[in-house]
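Please review the model shown here.

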Amino acid sequence: MDRVSALDEPLKTPLGAATAKVMAEHLDLHTVGDLLHHYPRRYEERGQLTTLADLPLDEDVTVVAQVADSRVLKFNNGRGQRLEITLTDGSGRLQLVFFGKGIHKPHKELPPGSRGMFAGKVSVFNRKLQLAHPTYVPLGTDSDEDAVDAFAGRLIPIYPACKGLESWKITKAVDTVLPRAVEAVDPLPPALREGRGFASLPEALHKIHRPETRADIEDARQRLKWDEAFVLQVALARRRFANAGLPAVARKPRPDGLLDAFDAKLPFTLTDGQQKVTREIFDDLATEHPMHRLLQGEVGSGKTMVALRAMLTVVDAGGQAAMLAPTEVLAQQHHRSITEMMGELAESGMLGGAEHSTKVVLLTGSMGAAGRRRALLDLVTGEAGIVIGTHALIEDKVQFHDLGVVVVDEQHRFGVEQRDALRSKGKQPPHLLVMTATPIPRTVAMTVFGDLETSVLDQLPAGRLPIASHVVPAQDKPHFLARAWERVREEVEKGHQAYVVCPRIGDGDDEPKKKSAEDTAASEEGAKRPPLAVIEIAEQLAKGPLTGLRIEVLHGRMQPDDKDDVMRRFAAGDVDVLVATTVIEVGVNVPNATAMVIMDADRFGVSQLHQLRGRVGRGSAAGLCLLVSEMPEASPARARLSAVAATLDGFELSRIDLEQRREGDVLGQAQSGVRSSLRMLAVIDDEEVIAAAREEAVAIVSEDPELERLPELRTALDALLDTEREQYLDKG
């Protein structure tokens, strides 16, 4: 919960303009309620020392430790002086350094044997960890009796802090506003709160900020986690309830129609997983309220086949189907593969078209005027049963005869407004099928996509061999990289093809690429040189290790026709090696491509690497993915790459990804960039809380959808769902 309406007072009033400004700019805290929901990260006990052995470099830290020794040293021929104080906690040592006139006060206040709380940025000097000019509060000396009284015998809260606002300054600010916690409106219905033995909200806020015991902290955590999970689940339950009341046209399978003709042509049988998921989707399509289903599946598990059969069912029932793809390359790829799979069934009105057939049209922003006019006419007359396109489908000019189902590929690439605009083109709300190849742990799906029913495809089609993945440490072992290019040659000699992926296009595009949340996590080591680029690498390979092979480039700045031409020739086997950006990340299907080399792999996030890797091994031959990195072995980036190389399980990788990032990033991305409402709840660890909160929320909303009998919950919901979030959920 972000805040409750009674606590909407701006922080400037109780804390003053200067402190309020720092809190707003650096911690995104604006109101009294925001500050009360800025919880301590951990707690120190009086007399319990922090671990100095594990201090992270270049980070702002707060430590409680004892002064081991203190000395004043002269330098610059006696003209300068510095104070060096060594702290210890039994596990490690840390040096404090003060210079010039600033040495006298700490020299007096921090004698050997004294204890204090210290904050600053950790650096290294002469191979020793140090804090230069840290801020500090002495503990247990007579020089600061207020600090002694505040901390003696108590748990000391350590808050997430920032430069200019150390943890203890936040402590003082919280002390100022904590009395206002009694005005907090409690969102949990009394029966639920009493039934689960939770403290009241004011009591929980007091216990989390000023606990007397560890048990107080645990009580407060459990209560505050429930608030976050429950209010969010109520919002999603109300969304589902409203959807269930909307009218939609039931689209039931028709015997002897397009679907049956298509199934009869299939050269393989569907996997058990595909059949199970198809039944779930067909059951939804047959109801008179809109389907809202998330179809998530492993890379290469056959989601497109499932989506196509759903679209054919809708066409059989007299409706039209629209598939929304995030890029032109992917829209063209889908159009090509769907028309190939359907054959004469996609040739309605053409010579040789089957008796049961429809038109499958492509609509993208770069189409010529004549092709565009023809596609628009086919849609409005109903001649085209299936349309595949990019955001060009959303434009006002695009009208449908009877839009029955919308399939959104790669949900996370589309804004809510875009999906909503397409859905509004139906005479009644169309059914919605959302697909993603980034597997999402069940808890995240329940929290982020709680208004969608979820289907999971985790079975690969028969005959697929697993992809072998290896990290290539280019800096430590350059001969490994040479061997990687030999492996690419070997694959080409066997008649196969390869991808080489680079993070950048090159050719003067040196401005930094806008990073996604996971890219930010992926580049925490801050490599010095610019990322490797497609154009330069393609040139180096053509002149060097891959000389004589047919090499082409593919990237987002190319003209659409040129991109399509390159992809067609690669798919036809006329190109040996495709050097590309992540434009090939999703949906590109070339079964003969067996090898992929990802340059600067540490620049990509975990799920992105998993997506890219899924482009190889799509035929009967085994796939190979080589993750090239110059990062040192002990770095977090290398650990991340090793995790990707160690498993092909997308759900396991998404869990690793989420543990390395804050779930706020995930929720923020899903919630249209709005600051996450989760402060205490960890969506990976608190699965039971989320599931229980969901059950309670569904029960309450089914009895009282408008929450008329629960005004406090309604108030909390209004605070969570400010205008932007309300629109997000309304359109989800």
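The side chains of Asp227 and Arg223 are joined by a polar contact of 2.8 Å. A polar contact is a pair of N or O atoms within 3.5 Å; within protein, one must be able to donate a hydrogen and the other to accept it, and residues adjacent in sequence count only if both atoms are side-chain atoms. Asp227 sits in helix 9. Its relative accessibility is 1%, so Asp227 counts as buried. Here buried means under 20% relative accessible area, exposed means over 50%, and partly exposed lies in between (1.4 Å probe, protein chains only).

This is a predicted model: local features need pLDDT of at least 70, side-chain atom pairs count only at pLDDT 80 or more, and totals for chains, interfaces and linings use all residues. Residues are numbered from 1 along each chain as its sequence is written, and side-chain values use heavy atoms, with hydrogens and water left out.

## Helix 9 as a whole

Helix 9 covers residues 214–244. Helices (H or I, at least four residues) and strands (E, at least two) are DSSP runs, numbered from the N terminus. At 1.5 Å a residue, the 31 residues of helix 9 should span 45 Å, and the end C-alpha atoms are 45 Å apart, so the two values agree. The expected span is 1.5 Å times one less than the number of residues. Helix 9 is mostly covered, with 22 of its 31 residues buried.

## Salt bridges

The structure holds 39 salt bridges. Each is a side-chain nitrogen of Lys or Arg within 4 Å of a carboxyl oxygen of Asp or Glu. Side chains of opposite charge can pair when their charged atoms come close.

Asp686 and Lys225 meet through their side chains at 3.0 Å, N to O. Asp686 is buried at 9% relative accessibility, and Lys225 is buried at 13%.

Glu706 and Arg238 form a salt bridge at 3.6 Å, N to O. Glu706 is partly exposed at 47%, whereas Arg238 is buried at 17%.

Elsewhere, Glu84 bridges to Arg82, with the closest N and O atoms 2.9 Å apart. Glu84 is buried at 8% relative accessibility. A network of salt bridges links Arg483, Glu486, Arg487, Glu490, Glu491 and Lys494.

## Asp574

Asp574 lies in the loop between helix 20 (560–571) and strand 19 (577–580). Asp574 is partly exposed, with a relative accessible area of 41%. Asp574 and Arg550 are 24 residues apart in sequence and 7.7 Å apart in space, C-alpha to C-alpha.

## Cavities

How many cavities of 30 Å³ or more does the whole structure hold? The search finds four. A cavity is a set of points on a 1 Å grid over the protein atoms alone where a 1.4 Å probe fits but cannot get out; lining residues have an atom within 4 Å of a point. Points are joined across faces, edges and corners, and a volume is the space filled by probe spheres set on them.

The second largest cavity holds about 50 Å³. Its lining includes Ala248, Arg251, Asp402, Lys427 and His431. The lining residues divide into five nonpolar, three polar and three charged. Ala, Val, Leu, Ile, Met, Phe, Trp, Tyr, Cys and Pro count as nonpolar, Asp, Glu, Lys and Arg as charged, and the others, Gly among them, as polar.

Terms used: On a 1 Å grid over the protein atoms alone, a cavity is a set of points where a 1.4 Å probe fits but cannot get out, and a pocket is an open set with protein on both sides within 12 Å along at least five of seven lines; lining residues have an atom within 4 Å of a point.
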